[in-house]
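I opened this notebook to record what I looked up in one protein model. The entries follow the order in which I consulted the structure.

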Amino acid sequence: MSYETLEIEDRDAARIVRINRPKALNALNQAVVAELSRVLEALTEQVQAGDFSVRGLILTGAGDKAFVAGADIAAMREMDPDQAMRFASQGHAVGEMLANLPIPAIAAVNGFALGGGCELAMACDFIIASEKAKFGQPEVKLAVIPGFGGTQRLTRRVGLARAIELCVTGEMIRADEALRIGLANRVVAPEQLLDTCLGIVAAVAKMGPLAIAAAKRVLHQGAELPLEAANQLEIEAFAGLFASADQREGMQAFLDKREPTFTGK
Ligand code: CAA
């Protein structure tokens, strides 16, 4: 598949997706959102078909300045409410596809992650930030609010008080502050960013793929449920994994004091 706005590279067990509109600081227009949907749909189908050659997605921005500086302001300027509704729904659909992807998604935030860029990063399972990264939800400066999940995902990640502060002031924060408030998982030197993300994928690639998919699903779905229902989800997913060959292999390998060989079955 060829893409106009994305660069795709498979390296080791990682699929690296670079949003590539550096002249607009990788801003998200409809083409980017549509292409991200296609990439995620194809990857989900690939994994669901039992092809575990890709064990993690790394999402990043082309160039050295921006991850994504937001939704494309030039494209949004002339939108009417119906068009804005469709655009926001498409952005939300990408967020849901990232959450439902049966492998971890890692945002490698190499620069500005503003508005839709911060929202895209938050829809990933990990946010690994370069020391040069800057985060923010500056939509109020444009007299709108976040539309790709920012109000809700930010609240869930950093709590209501800080989310309100960021969404109402439009303030931009540095990577160390993003780490401090729990928005970013790790901050690394710019030249370490990709290797750090590849290292996470390499670590995941040693684990049973069905267990990784189950852990991600239970964590995401359980976070939206009352505790009792969430615990039930865990019990069922835990038990379900005992029907897999990988469960036997993982436990037998431990007892045999050898490395396991997982097949995703
Ligand atoms: N949309 C479209 N173009 C953008 C853009 C965006 N979000 N962000 C930057 N660009 C463009 C600029 O217009 C500029 O283009 P030209 O060279 O053709 O003039 C180019 O990228 C470089 O940007 P700057 O010259 O502004 O670079 P800078 O270093 O001076 O500033 C910045 C960098 C602080 C990130 C600044 O570009 C900026 O504030 N960008 C907008 C950030 C923003 O408001 N994002 C939220 C958008 S709304 C949204 O995302 C809604 C939603 O939730 C779905």
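**Basis.** I worked from a predicted model, in which local features need pLDDT of at least 70, side-chain atom pairs count only at pLDDT 80 or more, and totals for chains, interfaces and linings use all residues. Residues are numbered from 1 along each chain as its sequence is written, and side-chain values use heavy atoms, with hydrogens and water left out.

**Entry 1: strand β3.** I took helices (H or I, at least four residues) and strands (E, at least two) as DSSP runs, numbered from the N terminus. I looked up β3, residues 56–61, and found six of its six residues buried (buried is under 20% relative accessible area, exposed over 50%, partly exposed in between; 1.4 Å probe, protein chains only). Gly-56, Ile-58 and Thr-60 point to one side of β3, while Leu-57, Leu-59 and Gly-61 point the other way.

I then checked the partners of β3, counting two strands as paired if DSSP finds at least two bridges between them. Strand β2 (residues 14–19) runs parallel to β3 over six bridges, and Arg-18 stands opposite Thr-60. Strand β5 (residues 105–109) is also parallel to β3, joined by four bridges; there Leu-57 has Ala-105 as its bridge partner.

I noted that β2, helix α1 (residues 30–48) and β3 form a right-handed β-α-β unit. Right-handed here means that, with the strands pointing away from the viewer, the path from the first strand over the helix to the second runs clockwise.

Entry 2: I found β5 and β7 (residues 126–130) parallel and joined by four bridges, with Ala-107 partnered by Ile-127. Four of the five residues of β7 are buried. Three bridges join β7 to the parallel strand β10, residues 186–188, and Ile-128 is partnered there by Arg-186.

**Entry 3: Glu-35.** I located Glu-35 in helix α1.

**Entry 4: Asn-29.** I placed Asn-29 in the loop between β2 and α1. Asn-29 is buried because its relative accessible area is 16%. Its side chain reaches the backbone nitrogen of Val-32 at 2.9 Å. Asn-29 and Ala-71 are 42 residues apart in sequence, yet 6.2 Å apart from C-alpha to C-alpha.

**Entry 5: salt bridges.** Arg-156 and Glu-224 form one of them at 3.2 Å, N to O. Arg-156 lies in helix α5 (residues 150–158) and Glu-224 in the loop between α9 (209–223) and α10 (227–241), so the pair ties together parts 68 residues apart in sequence. Arg-156 is exposed at 53% relative accessibility, whereas Glu-224 is partly exposed at 48%. I also recorded a network of salt bridges linking Glu-9, Arg-11 and Arg-18.

Methods:
Polar contact = N/O pair within 3.5 Å; in protein donor to acceptor, adjacent residues only side chain to side chain. Salt bridge = Lys/Arg side-chain N within 4 Å of Asp/Glu carboxyl O.
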